[in-house]
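The following exercises are to be worked with the sequence and the coordinates at hand. Each task is followed by a solution in steps.

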Amino acid sequence: MVSKTESNRKNSSVGITFLPEGKHLDIKCGSIVLDAARKLGIDIQAPCGYLGLCGRCKIILQEGKDLVEPPTVTEKKTLSTAELNDGYRLACQCKVSEQGILNVAVPPESRISQQRIVIQGIMPQFQVSSIVKDTIIELKKKQVSKSDSESLLEALSENGFTDVSIDIDAIRRLPDVLREGNWNINATLWNNKEVLSLQPKDKAGQILGFAVDVGTTKVAGYLVDLKNGELLAAVSLPNPQISFGEDLISRITYWSESEEKRISLQKIVIGCVNKLIEDSCKRFGVSLNEVYDIAVVGNTAMHHIFFGISPKYVGQSPFPVAVKNGFDVKAKDIGLKANPAAYVHALPPIAGFVGADTVAGILATEIYKQKETSMLIDIGTNAEIVIGNKDKLTCCSAPAGPAFEGAKIKHGMRASSGAIETVWINPKTLETGYKTIDETKPRGICGSGIIDTIAQLLKTNVIDDIGRFNKKLKNPRKRNQGKDAEFVLSWQNETSIDKDITITRGDIQEILLAKAAVYTGTHILLEHLNLKPNDIEKLYIAGAFGTYIDLANSFTIGMFPEIPANRTQFVGNTAGSGGRLALLSEILRSKAEKIARETKYLELASDPRFETEFTNALWLPHREKERFPTVMKMLGKH
Ligand code: FES
């Protein structure tokens, strides 16, 4: 039973202020600080989704330390004693318990920083023929016995459009438009089946569409002219769901916890897409009313959450998808801002971990129509891999994890301003050079920089082929830290974080796990299809991470099978390109259905070869050296 005092305490409120913004909110005792931050729009990272494990949601209690419950066991494990003494807490664990005034500072390292985002991708030649079209209809003058809608449907039928319905918003405007246009009108039709909008013949507006790529970390949008296919604006924002968990599993877990959380997760991403639509319409000087069709791509969990479909089982073996075909819903039904009658088309996913973004990538690279055999790799927290040609496509998803995005790396960070993205090491002196994003002082290292570093450390014999530091090496940049060893990339006086930036043995291990997953996926898929790396005539590397990696260094660490470099093409954000194609061409929209239906999915986790292959791929470049003859020759170890 809850005592009166206890219930009073729960109902009493605490004034919480976040600094340096100075944003204030009254919250109930028992509230979690991270929830309060979210209500105020304070951008605190929470990659592990409230588990208290990642340590990225650090806050500093500046006033009111006694108003919160003492640090939890998890916090004591994640935070150092010095941090706890200095008032550091984890926002996801810190629970308010007493009435009063609480001032909370959010340090820069806990903020969600603006990640460098790749919006554009390869776009093939195609014929524009969107599902939304304008048609001019000349009606007979009003007959007393007929309603306006009957007159319109009759005229449409005479023009070859039978079985047509009229959206309620168009019906609302119908009487005025007919008379204003003197019975000559322009009808905007969806799929030749539904009148979305009506205007007097001489006042027809534009017909626009919006393609959306909902990625786990970013959302990209493209405003296009549905008549001529022209790209009018390309915009993007970080996916705001990041503050609910960085990876798919944390978001699925968050979704499954309560109805309130489910709604907030969907609402926040819909809000993000609305902002992109509004911004791009404003930028191009057009009205939201002129947007009639929206195409959405994304990985399967993002796709499900976007449409309010439970993603719960997508994260559980055998990873079933709730819906495998493309479908259309009214934009207003999911809260998207566009013409009141506009539709949203969901491109189809292939499997639980191979989504509509991969279907879009197949469309954009056109591997589905080539005679030659191609491999498409899109690397994110999962690497989606597709191999095939016009006759057959097979895909799998390899669990690369978040290390390439800087997670679990001592000084790791996303590819945003100040991240070391390129590294070179003098083989004689081990003097190290680097380039940072935006050429500012370094504050961490991102995935491409880590790959460069490991490749260089291997080439200079600072590490061996299982990633261990050379014990005999004497150089100020290599030093021991307790049981671990590390290599200094940037000295304290060069950095903006007032600390040396280093790569540790543990960091190398994390990257080896990630690269081994990607390699294992490609290798097993090749074996499954009875192919050798040399049979791949074209290797397409897609995605933001792929765009910035150094190809030679990626081969050096054994991330991809040895496919000649001149067969490789970086293709950027193919998910966005494929979304645009499905928006602009009915034929390609149906092609996406066929691709999703016919692409075979190989489940890696249940493949008996996975464990051995994965363990062997943890070596640099691989335990079976003969798989990497070119790399071994370059390392002088053939
Ligand atoms: S430790 Fe708080 S979200 Fe990960």
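**Exercise 1. Identify the strands that pair with β1, and state the sense of each pairing.**

Solution. The model is a predicted one.

Step 1. Begin with strand β2 (residues 23-28): β1 and β2 run antiparallel and are joined by six bridges. Within this pairing, G15 has D26 of β2 as its bridge partner.

Step 2. Examine the turn of the hairpin. Three residues lie between β1 and β2, and G22 adopts a positive phi near 80 degrees.

Step 3. Turn to strand β5 (residues 100-105), which pairs with β1 in the parallel sense over six bridges. Here T17 has N103 of β5 as its bridge partner.

Step 4. Consider the accessibility of β1 (residues 13-19). Five of its seven residues are buried, and the strand is thus mostly covered.

**Exercise 2. Classify the packing of α7 against α8 by angle, and describe the residues in contact.**

Solution. 

Step 1. Take the geometry. Helix α7 (residues 248-257) packs on helix α8 (residues 259-284) at an angle of about 130 degrees, and the axes are 5 Å apart.

Step 2. Apply the cut-offs: angles over 145 degrees count as roughly antiparallel, and those from 65 to 115 as roughly perpendicular. The angle therefore makes α7 oblique to α8.

Step 3. From α7 come R251, Y254, W255 and E257, which meet K261, R262, S264 and L265 of α8. Sorted by class, this contact comprises four charged, three nonpolar and one polar residues.

**Exercise 3. Determine the handedness of the crossing of α5 and α6, and the classes of residue in their contact.**

Solution. 

Step 1. Helix α5 (residues 148-158) and helix α6 (residues 168-180) cross at roughly 65 degrees, with axes that come within 10 Å. The crossing is left-handed.

Step 2. On the α5 side, the contact is made by D148, S149 and L152; on the α6 side, by L174, P175, L178 and R179. These residues divide into four nonpolar, two charged and one polar.

**Exercise 4. Give the strand order of the open sheet of six strands, and locate its edge strands.**

Solution. 

Step 1. The order is β26-β25-β16-β17-β18-β27, and the pairing is mixed.

Step 2. An edge strand pairs on one side only; this applies to β26 (568-572) and to β27 (600-601).

Step 3. C395 has Y601 of β27 as its bridge partner.

Key:
Residues are numbered from 1 along each chain as its sequence is written. This is a predicted model: local features need pLDDT of at least 70, side-chain atom pairs count only at pLDDT 80 or more; totals for chains, interfaces and linings use all residues. Side-chain values use heavy atoms; hydrogens and water are left out. Axes are lines fitted to C-alpha atoms, for helices over the stretch in contact, and angles run from 0 to 180 degrees between N-to-C directions. Helices (H or I, at least four residues) and strands (E, at least two) are DSSP runs, numbered from the N terminus. Angles under 35 degrees count as roughly parallel, over 145 as roughly antiparallel, 65 to 115 as roughly perpendicular and the rest as oblique. Contact means heavy atoms within 4.5 Å. Ala, Val, Leu, Ile, Met, Phe, Trp, Tyr, Cys and Pro count as nonpolar, Asp, Glu, Lys and Arg as charged, and the others, Gly among them, as polar. Buried means under 20% relative accessible area, exposed over 50%, partly exposed in between (1.4 Å probe, protein chains only). Two strands pair if DSSP finds at least two bridges between them. A crossing is left-handed if the near helix is turned anticlockwise from the far one by less than a right angle, and right-handed if clockwise.
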